[in-house]
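Open your viewer and keep the selection tool at hand. We will take a short tour, one stop at a time.

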Amino acid sequence: MMMTDDQELDYRNLVNCRVEITSSSSSSSQQVPVSLPQECYQAANIPIPTPYDFALEKSILKKKHEIDGEIKHSGNKEDLSRSLLVKMKSVTKASEDVCISILSSNSYDLKTSVEAYFQTSM
């Protein structure tokens with residue numbers, strides 16, 4: 001099974017796991033814990049950095065969704081078509097005629113049209 005970007009990792013089987021380091025001596029019936037090298041203890045005490053919060057990326061995506069919502073709710077089909085054309089031209093750097101052709105053949109779905117452009121140009 002392949003993970004996608006929007007799926008979160010879920011390790012239900014590891015929730016209650018515990019790791020114990022013991023010697024591999026088979027002569028004793030009870031295994032005695034092995035001491036770790038000093039470097040391991042030092043590494044375990046290094047503070048974990050604060051996780052990156054992706055605030056900049058989230059603000060950009062939020063603004064993009066707001067703009068996309070405004071375009072879709074404008075009600076004017078010509079404005080929407082023109083907006084999609086401008087976006088496609090800015091992403092692909094293709095001519096207006098090529099963009100119009102690909103957009104119209106993909107029902108003005110921008111994502112599908114951009115993917116189609118790059119698949120045919122490769």
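Select Phe54. Is this residue buried or exposed, or something in between? Phe54 counts as partly exposed, because its relative accessibility is 45%, and the buried class ends under 20% while the exposed class starts over 50%. Keep in mind that this is a predicted model.

The ring centres of Tyr52 and Phe54 are 4.7 Å apart. Their planes meet at 80 degrees, so this pair is edge-to-face. The cut-off for that label is over 60 degrees.

Next, jump to Tyr117 and Phe118. How far apart are the centres of these two rings? They are 5.2 Å apart, and the planes stand at 80 degrees, so Tyr117 and Phe118 are edge-to-face. Check the cover on each residue. Tyr117 has a relative accessible area of 17%, so Tyr117 is buried. Phe118 has 32% relative accessibility, so Phe118 counts as partly exposed. With that, you have visited both pairs: the structure holds two aromatic pairs.

Zoom out and switch to the cartoon view. What secondary structure does the protein have? It has five helices and zero strands. Trace the chain from the N terminus, and the elements run α-α-α-α-α.

Now show the surface. The accessible surface comes to about 11,000 Å². Carbon and sulfur atoms hold 57% of that surface. Of the 122 residues in the protein, 13% are buried.

Last stop: contacts. Take those between residues at least 6 apart in sequence; 17% of them join residues at least 24 apart.

Conventions. Residues are numbered from 1 along each chain as its sequence is written. This is a predicted model: local features need pLDDT of at least 70, side-chain atom pairs count only at pLDDT 80 or more; totals for chains, interfaces and linings use all residues. Side-chain values use heavy atoms; hydrogens and water are left out. Rings of Phe, Tyr and Trp (its six-membered ring) pair if their centres lie within 6.5 Å; planes under 30 degrees apart count as stacked, over 60 as edge-to-face and the rest as tilted. Buried means under 20% relative accessible area, exposed over 50%, partly exposed in between (1.4 Å probe, protein chains only). Helices (H or I, at least four residues) and strands (E, at least two) are DSSP runs, numbered from the N terminus. Contact means heavy atoms within 4.5 Å. Accessible areas come from the Shrake-Rupley method with a 1.4 Å probe; for residues, only the protein chains shown count as cover.
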